[in-house]
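Here are my notes for a colleague opening this model for the first time. Please read them with the structure in view.

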Amino acid sequence: FFAMFGLSYLVSFHSSTYRSLKTKEKVFWCLAFPRALFGVFCTFISCWHIFVDPILFEDVVNTSTFSSHFAVDVVVGFFIFECTAFFSSNIVFREFNMILAAHHLLSLLGFGAIVYSEKIHFFSTISLLNEMTTPFSCLCWMLIKAK
């Protein structure tokens, strides 16, 4: 995710729209790309476990698959990235959103516990479907800024 953030910066740097943004908006612009890809990944993996590979339905507490392990590991990596970006930007821009901080920390702790315990992969992978709107909200924000 850090590499996607850097790639987003390198690609966006050549855009006049990007260069006209304020510093805080530039950071959010670069964060939109990894967030959107994360949303696409979450939608795909949730649909995969619902429609293609329903093995997790057999025992919703103890069953796991290679793809559910992979998904949960990716989610933990994403929330490590998000927490780093969130707290870094809070320090740089001198602001703090308690609700967003709670969301990121609880998500990281929750999915970290799932990685550690290797349980409830059913609920974790299916709940990722909630990220289905993320690519659209990121795209919408970028289009609004592009005018």
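Does Glu-118 count as buried, exposed or partly exposed?

1. Glu-118 has a relative accessibility of 45%, so it counts as partly exposed (buried is under 20% relative accessible area, exposed over 50%, partly exposed in between, with a 1.4 Å probe and protein chains only). Its place is in the loop between H5 and helix H6 (121–127). Helices here are DSSP runs of H or I, at least four residues, numbered from the N terminus.

2. A word on the source. This is a predicted model, in which local features need pLDDT of at least 70 and side-chain atom pairs count only at pLDDT 80 or more, while totals for chains, interfaces and linings use all residues. Residues are numbered from 1 along each chain as its sequence is written, and side-chain values use heavy atoms, with hydrogens and water left out.

3. Look at the backbone of that loop. Most residues other than glycine have a negative phi. Glu-118 has a positive phi, near 60°. Ile-120 also lies in the loop between H5 and H6. Its phi is positive too, about 50°, although Ile-120 is not a glycine. At 33% relative accessibility, Ile-120 counts as partly exposed.

4. Next, the helix pair. H4 (residues 66–93) and H5 (residues 98–117) pack at about 150°, with axes 9 Å apart. Axes are lines fitted to C-alpha atoms over the stretch in contact, and angles run from 0 to 180 degrees between N-to-C directions. The two helices are therefore roughly antiparallel (an angle over 145 degrees). The crossing of H4 and H5 is left-handed: the near helix is turned anticlockwise from the far one by less than a right angle.

5. Which residues meet there? On H4 they include Val-72, Phe-79 and Phe-87; on H5 they include Leu-100, His-104 and Val-115. Contact means heavy atoms within 4.5 Å. The contact residues divide into 15 nonpolar, four polar and two charged (Ala, Val, Leu, Ile, Met, Phe, Trp, Tyr, Cys and Pro are nonpolar; Asp, Glu, Lys and Arg are charged; the others, Gly among them, are polar).

6. The largest nonpolar core has 17 residues, of which Phe-41, Val-75, Phe-111 and Leu-128 touch the most other members. Such a core is a set of buried Ala, Val, Leu, Ile, Met, Phe, Trp, Tyr and Cys residues joined through side-chain atoms within 4.5 Å. Helix H3 (23–52), H4 and H5 each give two or more residues to this core. H4 gives the most, with nine.

Definitions and conventions:
Parallel < 35°, antiparallel > 145°, perpendicular 65-115°, else oblique.
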